[in-house]
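Q: Hey, I've never looked at this one before. Could you walk me through it?

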Amino acid sequence: MAIRSIILSAYAAVLLCAIGAPALPKSATMSDLNLPQKRSETLGIPNSAAAGPRDLDEGEEDDRNRSDEEQTETVPGEEEEEGNPPLPERAVAPSLRKPKVFAEPVGPPPPPLSAKRGGKRQDENDDEEPENASDEEDGIPPLPERAVAPSLRNPKVFSEPVGPPAPQTWSQEEIAAAQAECQTLLPEADFDFKILSPIRDGSCGAPAPVQLKGFKRDTKVDLHPPATMTCPLASALGRWMSEVVQPRAKALLESDIVQLANISGYACRSRYHDPTQRISYHALAQAVDIGEFVTAKGEHISVLEYWPGGDKRAQFLKDIHDGACKIFGTVLGPEANAAHKTHFHLDIAKRRYSAYCQ
């Protein structure tokens, strides 16, 4: 029984704490809980409260009504209806409360429209539009000048044709070997030429040059004006005339070629007369330029005039151009570049596989 009384007392204490009443004294028993009047006295509750509601006097009734009015004046929000207090207003950043409006574009002041790049002023009467004028009007400074590669700022200009250093004179062995080659390649019965003295001009020249005047094989052909060249080049030119030019002239033009127009033979220069280029084969007397062919009928067939056409004369020029590719090391014509639109460039450059033909 004692244990049961203790458990019931603890349960009653828990219930009283839940309703806010003071705990029972230790001397209280379960018999006290069964008597309402005695329980109120034991718990310290006034008899008036235990007896039930009583009549309110005038002052207490006014205070109660006033508190009810104050509660009804509050406008409940969505959170208040659910029993939650309203959220505070969201803070606004100071920079967004009053945004700053700029009357002019932000940035450094644009340069005056009359100023040009480099600090120079533009004349008021000058009709030329300054550079980057549209950018300056928009308040944008002009772009800086484009940087130039160091190799292009001061291009190297060679005072002499580029190539390995050459001796000031030819040795006797070199001259003797070149002269012996000429006797083999240029029989006097087939070639009209004149033997010249060795030429040495820096990297330019030849040990045994000749002045070729024309050809005597089958049909006499004049080279006008005569060209200075090496014997191997003169021999290749004679072979081209007999194997390619004359057969195609008879087939297409029904006439022989009696004259060739020489544009350039030996000349101590670099390629395209450009000092930054390598030495030309003209500087070695191993190249010749032919610009025109004259037939026995007196017809002049120039490369410049007839190459673009579509008649037999144009076909003759194209055929002898292609045939030259089988004899010479380099053949350049109008289709190579603008520098050769007036002539055929023929040289005896040694190629590893085949000729360079354009």
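Q: What kind of model is it, and how do the numbers work?
A: This is a predicted model, where local features need pLDDT of at least 70, side-chain atom pairs count only at pLDDT 80 or more, and totals for chains, interfaces and linings use all residues. Residues are numbered from 1 along each chain as its sequence is written, and side-chain values use heavy atoms, with hydrogens and water left out.

Q: OK, how many helices and strands does the chain have?
A: There are 13 helices and eleven strands. Helices (H or I, at least four residues) and strands (E, at least two) are DSSP runs, numbered from the N terminus.

Q: And how much of the chain is buried?
A: Of the 358 residues, 28% are buried. Buried means under 20% relative accessible area, exposed means over 50%, and partly exposed is in between (1.4 Å probe, protein chains only).

Q: Let's look at strands. Which way do S4 and S5 run, parallel or antiparallel?
A: Antiparallel: five bridges join S4 (residues 210-215) to S5 (residues 221-229). Two strands pair if DSSP finds at least two bridges between them. Phe 215 has Val 221 in S5 as its bridge partner.

Q: Which strand pairs with S6 in the antiparallel sense?
A: That's S7 (residues 287-295), over six bridges. Gln 259 has Val 294 in S7 as its bridge partner.

Q: What joins His 224 and Pro 225?
A: A cis peptide bond, with omega about -10 degrees. Pro 225 is found in strand S5. Most residues other than glycine have a negative phi, and most peptide bonds are trans.

Q: What about phi at Glu 254?
A: Glu 254 has a positive phi of about 55 degrees although it is not a glycine. Its place is in the loop between H11 and S6.

Q: Changing topic, how much space lies in the largest pocket?
A: About 480 Å³. On a 1 Å grid over the protein atoms alone, a pocket is an open set of points where a 1.4 Å probe fits, with protein on both sides within 12 Å along at least five of seven lines. Grid points are joined across faces, edges and corners, and the volume is the space filled by probe spheres set on the points.

Q: Which residues line it?
A: The lining has 23 residues, and Arg 271, Tyr 272, Leu 332, His 340 and His 345 lie nearest the pocket's centre. Lining residues have an atom within 4 Å of a point. Strands S9 (330-332) and S10 (344-347) each supply at least two residues of this lining.
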